[in-house]
Amino acid sequence: LLIQVLNGLVYGSLLYILSVGLVLVFGLRRVVNFAHGGLFMLGAYVAYSCSLIGGFWLGLIAGTLALCALGAVIDRLVFRPLQNQDATVTLLVTFGILLVIEDFVRTIWGKDFLALSEPASLAGVIPLGGSQFPVYRLAIIAAAIAVAVGLSLWLNRSRYGLYVRASSVDPVTTEMQGVDTERLGAMVVAIGSGLAGLAGVIAAPLVTLSPTMGSYIQIDCFVVVVTGGLSSFAGAFIAAMLIGQIHNLGVVFVPEAASMIPLLLMALVLAFRPGGLAGKPTA
Amino acid sequence: LRTTRRQLLAGSLAAAGIGAVRPTFAADPIRIGVPTPLSGAYADLGNQAKRAIEFAIDEVNGAGGLLGGRMLEVRFLDTEAKPELARQQGEKLALGGYNLLMAAVNSSEGLAIAGMVDRWNALYISTNHKADDLTGKACNARVFRVNKPDAADMTLIRPWLATRSETKWSVLCVDIVAGHSAAANFKAAITGAGKTVVSENFASLGTSDYAPYIEQISSAGAQGTLVVLAGRDGINFVTQAGKFGLLDKVIIAGTSFITDNVVKVLGDKAKGLWGAINYSATIDVPTNKTFVENWQKKHSGERPSNYEGDAYVGMQLLVQGLQKAGSSKPLDVAKALSGQTIKTIVGEQTVRKADNQLIGPNFFGEVRLVDGTYRPVVTMSLPGDKAFPPPNGSCKMNS
C-alpha cells in the first residue's frame, strides 16, 4: 500500500505542476486556457529534440524556457487583445491554439511515437518495503515540492509576488497604484506556460510522446483546478494530491469505478462548495 | 443534382432503346469510406490503416482501375476511437456515396458501424477489431473481418501457456469491449491450463500512469501477465513496468500488443515480450515478399507493419469482391464474397460462410534481436484450419 500511496503522490505531483500554471494564468488574466495541455505536450517535444543534443537536463531547461517565451507571445498576441471580450471568446480561441499546437507538432515531429529517457543519474530503483521504486518517480515528487515552495516564496515574499496577488484581487486599483499590470500579465502567463512545459518534460520519460498526450492529462488537470478552486494555489496543491491518491487507490479498491471517482469528487465539490475546496464558500 | 440528371438521361436513353448506357457510368469512381481514428490514443493505428489503403488504391488505379476502368476513390474521416463519432462519420460517408466502409480501429467503433450497415445500405470490412461479437452475435451479411478475432488469438495462446511453468497469472486489459472480451478468454485459457488468475485489471483507453496497475500485478505475486494494451497504451505500460523492475520478475505476453510500431519505439525494452503476431513482413511466402518489396520501394525502405498488412488484406478482399460481383453495390459485393476463396499476400484464404470471417494462418512469437534491431519473431504458427475456433453459435446472418 505504501507503494500505491507513493504512486498517488507522483501522479498528484505531476498534476500539481501542470494545474498550478493554469491557476496562475486564470488568476491574473481570467482566461480558462484550453491550450494548456498543448503547451504540456509541446514542452515534452522541445525537450525531446534538445535532449538529442545535450541530454535530459538541457531538454528540461530548453523545454521550460521555450514555453515561457511562447507564453509571453500568446499573452501579447491573444490574451491581451481579447481582455475585454466575453470569456467564451477567449475560451474558444485557446481551444484553437490547442489545435494549432497539435498540428504544428504533427508537422515538425510527425505522428510516430517518440520516447525520451530519464537522465542516467535518476535511472535506478531503490528498495522500498520489499519492492522497488524508481528514483525518477521520487524526483517528480521533489520537483513538485520545489515548485510549490518556490511559487509560494515568490508570491508571498517578493515585490512581484505582491503585485500578482494584488492584481488578481483588483487589477484596476493595482494599476492605479503604479503597477504595470500588462507587463505583470505577460510575466505570469509566461511562468504559467513554462510550468506546463516543465510538467511535460517531467512526464516525458514516463509516457510516450504523441501529439495528443496532453489531452488525457488535461482532463484530470481541469478536475484538479475546479475542485481546488479556480484561482487558489493552495487549493490546486491539495486537490492535485487528493486526486492523485483517489486515482491510484481507486484502482486498488474499486477498479470498476476508478476512472469515475475524480469526476464524482468534482461534482460533489461543485454541489456543496461551488468555489472549490479552498475557494470562498459563497463564490 | 448531377447524378439525377445523368440518371434521367440514362433512363431516357434506355427507354429509347439505345444500348450504350453503361459507358456513361464507367467513369464513376468506386467510393471507399474509411471512418478511423486519425487523432487520439489510437491515431497511430488509424494512420497505419490509412497508409495501407492508400497504397493498395494506388496499385489498383495504376493498373487501370476496376470494373471496366472505374477508379477507386477514398475518403477518410476521423473517429478519435469513439464509437458514437465512428457511427456518425460512418453515416456521413455511407450516405455520401462512400458506402464501401472499412478499417475503424476500436472494437466498439466497429460494432457501432456494423449495427447500421443495413440501414445505410453499406458494406463494412474489419481490419482491426478483436471483439468476437463482430462475427458473433453482432454478425451481419454485410460485415466481414479479415483480421484475427480475439478467440483466434486465444486458440494460439493456449498451447503456449501449456509450455510455461509459471502458475500465477494476472490479466491487464484496456477497458473497452475488446479488452473485456480478451480478459474473459484469457481467464478461461489460464484456468483451463491448470493455472490461477491472481489479479485482473482494466485500464481506461489512453491511461498515462500505469503505476497502480504495475504495483497490483507485483503485489499479487503474479509470475506471468497477459495484457491487451495496444499502441500508446502498450508503450506506456512496458516503459513504466521496466522502471519498476516488473519485466525482470514477470513474463509478459499479450494480444494486440507486440505490434511492429510498439516494438520499434520500445527498442531493447521490448526484449523478451511475447504475443500474438497476426501479420509480419517476415512471413516467408512469395506473395508476401513481393508485397514487402513494393511497399519498401514506396516507403523509403520501411517494412509494412502488422496493421498495415491486415489493412492491405482488407483491400484485397474488397477488390476481389468487386471483381467477383462485377458491381460496386455493397450488397452485390457482400453476396459475392460469402464463402469465396481470396488470394491474399499470405496465401489463399476463405471467407467462412457462417460468419464472414476470413480464415487464414495465425502466428505467435517473442521480441528478439535480429540484425541489430528488436523485432517480433515468429516462434509458432497455426494453419488456418487450426487457428480458428468453430463459428460462434450466436451468429445469425440477417440478410
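Over all chains, the count of salt bridges comes to 22. The structure is a predicted model. Side chains of opposite charge can pair when their charged atoms come close.

**Salt bridges in chain B**

- E308(B) and R51(B) form a salt bridge in which the closest N and O atoms are 2.7 Å apart. This pair links distant parts of the chain, since E308(B) belongs to helix α14 (residues 306-325) and R51(B) to helix α3 (residues 43-62), 257 residues apart.
- D133(B) is partly exposed, with a relative accessible area of 27%, while K137(B) is exposed, with 61%.
- K264(B) and E302(B) meet through their side chains in a salt bridge of 3.8 Å, N to O. Here too the pair links distant parts of the chain: K264(B) lies in helix α12 (residues 260-266), and E302(B) lies in the loop between α13 (286-298) and α14, 38 residues apart.
- E302(B) counts as partly exposed, at 40% relative accessibility.

**A salt-bridge network in chain A**

- Four residues of chain A, namely R29(A), D75(A), R80(A) and E182(A), are linked in a network of salt bridges.

**The sheet in chain B**

- Chain B contains an open sheet of seven strands with mixed pairing, in the order β7-β6-β8-β9-β10-β14-β15. The strands β7 (196-203) and β15 (373-382) of chain B stand at the edges and have a single partner strand each, so one side of each is left without a neighbour in the sheet. From one strand to the next, the twist averages 25°.
- Within chain B, strand β9 (residues 251-254) pairs with strand β10 (residues 274-277) in the parallel sense over two bridges. G254(B) stands opposite G275(B) in β10(B).
- Helix α8 (residues 177-192) of chain B lies across β6 (168-174), β7 and β8 (224-228), and runs at about 165° to β6(B).

**The overall form of chain A**

- Chain A has ten helices and two strands, and from the N terminus its elements run α-α-α-β-β-α-α-α-α-α-α-α. Its radius of gyration is 19 Å, close to the 19 Å given by the globule rule for 283 residues, so chain A is as compact as a globular protein of that length.
- The C-alpha trace of chain A spans about 60 × 45 × 35 Å along its principal axes.
- Of the 283 residues in chain A, 53% count as buried.

Key:
Residues numbered from 1 in each chain as written. Chains lettered and ligands numbered in written order. Predicted model: local features only at pLDDT ≥ 70, side-chain atom pairs only at ≥ 80, totals over all residues. Heavy atoms only, no water. Pairing = 2+ DSSP bridges. Helix = DSSP H or I, 4+ residues; strand = E, 2+ residues; numbered from the N terminus. Axes fitted to C-alpha atoms, helices over the stretch in contact; angles between N-to-C directions. Contact = heavy atoms within 4.5 Å. Rg over C-alpha atoms; globule rule 2.2 N^0.38 Å. Buried < 20%, exposed > 50% of the residue type's maximum accessible area, 1.4 Å probe, protein only.
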